[in-house]
Every structure is written in structure tokens, then in C-alpha cells.
Amino acid sequence: MYKGTLIAVKNIEESKKFYHDILDMNVAGDFGANVQLDGGLFLQTLDTWSDFINSKEVYLKNNSGELYFEVSDIDEFNKKLQAANIEYVHEVMEHNWGQRVVRFYDPNHHIIEVAEDISMVVKRFFHSGMTVEQVADRMDVPVDYVKECLKCQF
């Protein structure tokens with residue numbers, strides 16, 4: 001059964017601070033070379049991870065995957081990023097279905113994506129005057145999905 005994602009890090013203290021300060025993740029268990037953060041993310045020191053995989057080389061900044069997060073207010077989150085020393089993959093952009101997203105690197109060059117909660121996209125479009133059907137068409141999702149996101153609206 002899936003328990004979470006483990007990423008190798010050069011400096012465990014720097015990584016704990018980054019994930020706490022930027023993504024509001026707290027330490028659930030600290031075992032020195034291995035740290036469990038709430039939400040199922042595990043940090044493992046680079047040297048011990050290399051030992052676990054028979055001294056194979058570990059490649060950071062390979063752009064082959066990302067850790068995905070959602071927030072209800074992407075503009076507020078973006079203000080937090082602008083105040084930090086962040087290396088961006090790209091700044092806030094809008095996907096063709098309307099979801100706004102930002103991608104950046106953690107201190108070890110793992111890609112982090114923070115996107116607007118998809119239900120907030122539905123609500124944003126609906127509150128701009130679009131009908132349920134127009135929102136569904138704009139986002140290329142079923143009408144029932146839009147209604148589910150708006151269930152407290154009806």
C-alpha cells in the first residue's frame with residue numbers, strides 16, 4: 001500500500017526549513033538521516049539514499065517529475081514565493097482549462113508545482129457570471145463535476 005514519496009536531499013535541515021516555510025509542512029517524524037513530513041513526504045539524506053541503492057549515483061535537477069500541491073488562493077501563495085529566494089521553473093501561468101499554477105525548485109532542484117485548487121477555478125469562473133454549462137465547457141469537464149464543486153452554491 002502506498003505510503004508517500006521519498007526524495008533525496010543534500011542538507012536535511014535546509015530542506016525541512018524550506019518545506020515548512022514555503023509549503024507549511026510540519027515534521028511528523030525526525031530520524032536524523034530520514035525525516036517524515038506530514039502529508040506523506042519523506043526526506044532522506046543524499047549519502048544514505050545512495051547507500052540504500054547500492055552506491056548508485058543520484059541525479060538531482062532532472063526535470064522528470066514534480067511534487068504537486070494545491071492552494072485555495074494562488075495569488076496569496078505567490079506573494080509568499082516572491083518574498084523568498086526561489087528558483088522558478090516558471091512563474092504563475094494559466095493552463096488552457098483555467099487553473100493557475102507556479103512551478104519552482106526546492107533547494108535540491110526537485111520541481112514543486114503549486115496550483116490553484118481546481119474547485120476554486122470552477123467557483124472563480126461561476127462567480128464571474130458564467131453558467132454551469134459554460135464553466136464545464138471552458139474547463140472541458142462534465143457539468144456534474146462543476147455542480148459538485150458548487151454544491152454549496154445551489
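In which helix do Asp21 and Lys17 both lie, and how many residues apart are they? Asp21 and Lys17 both belong to helix H1, where they stand four residues apart, about one turn of the helix. An α-helix has 3.6 residues a turn, so residues three or four places apart point the same way. The two side chains meet in a salt bridge with an N to O distance of 2.5 Å, a salt bridge being a side-chain nitrogen of Lys or Arg within 4 Å of a carboxyl oxygen of Asp or Glu. Asp21 is partly exposed, with a relative accessible area of 35%, and Lys17 is exposed, with a relative accessible area of 53%; here buried means under 20% relative accessible area, exposed means over 50%, and partly exposed lies in between, for a 1.4 Å probe and protein chains only.

The structure is a predicted model, in which local features need pLDDT of at least 70 and side-chain atom pairs count only at pLDDT 80 or more, while totals for chains, interfaces and linings use all residues. Residues are numbered from 1 along each chain as its sequence is written, and side-chain values use heavy atoms, with hydrogens and water left out.

The protein chain contains six helices and eight strands, which are DSSP runs numbered from the N terminus (helices are H or I with at least four residues, strands are E with at least two). Along the sequence these elements follow the pattern β-α-β-β-β-α-β-α-β-β-β-α-α-α. Of the 154 residues in the protein chain, 39% are buried, and the C-alpha atoms fill a box of roughly 55 × 35 × 25 Å, taken along the principal axes. Among contacts between residues at least 6 apart in sequence, 51% join residues at least 24 apart, where a contact means heavy atoms within 4.5 Å.

The largest nonpolar core has 22 residues, and those with the most contacts inside it are Tyr19, Leu23, Leu43, Phe104, Ile112 and Val114. Such a core is a set of buried Ala, Val, Leu, Ile, Met, Phe, Trp, Tyr and Cys residues joined through side-chain atoms within 4.5 Å. The elements that give two or more residues to this core include helix H1 (12-23), helix H3 (74-83), strand E7 (100-105) and strand E8 (111-116), and H1 gives the most, with five residues. When residues up to four places away in sequence are not counted, the residues that Ile112 touches include Phe18, Tyr19, Leu23, Leu67 and Phe104. A second, separate core of ten residues includes Met139, Val146, Cys149 and Leu150.

Helix H1 has twelve residues and reaches 16 Å from its first C-alpha to its last, close to the 16 Å expected at 1.5 Å a residue, the expected span being 1.5 Å times one less than the number of residues. The buried residues of H1 are Ile12, Ser15, Lys16, Phe18, Tyr19, Ile22 and Leu23. They cover an arc of only 165° around the axis, which puts them on the same side of H1; the arc is that of the directions from the helix axis to the C-beta atoms. At the start of H1, a side-chain oxygen of Asn11 reaches to within 3.0 Å of the backbone nitrogen of Glu13, and just after H1, Asp24 takes a positive phi of about 60°.

Helix H3 has the buried residues Ile74, Phe77, Asn78 and Leu81. Seen down the axis of H3, these residues fall within an arc of 105°, so they line one face of the helix. The face turned away from this buried side carries the exposed residues Lys79, Gln82 and Ala83, whereas what covers the buried residues of H3 includes H1, E5, strand E6 (87-94), E7 and E8.

The count of salt bridges comes to 13. One of them joins Lys16 and Asp30, whose closest N and O atoms are 2.6 Å apart; this pair links distant parts of the chain, with Lys16 in helix H1 and Asp30 in strand E2 (residues 27-30), 14 residues apart. Lys16 is buried, with a relative accessible area of 12%, while Asp30 is partly exposed, with a relative accessible area of 41%. The side chains of Arg100 and Glu116 also meet in a salt bridge (3.3 Å, N to O). Arg100 lies in strand E7 and Glu116 in strand E8, so the pair ties together parts that are 16 residues apart in sequence. Both residues are buried, Glu116 with a relative accessible area of 3%, and Asp75, Arg100, Glu116 and Arg124 are linked in a network of salt bridges.

Key. Polar contact = N/O pair within 3.5 Å; in protein donor to acceptor, adjacent residues only side chain to side chain.
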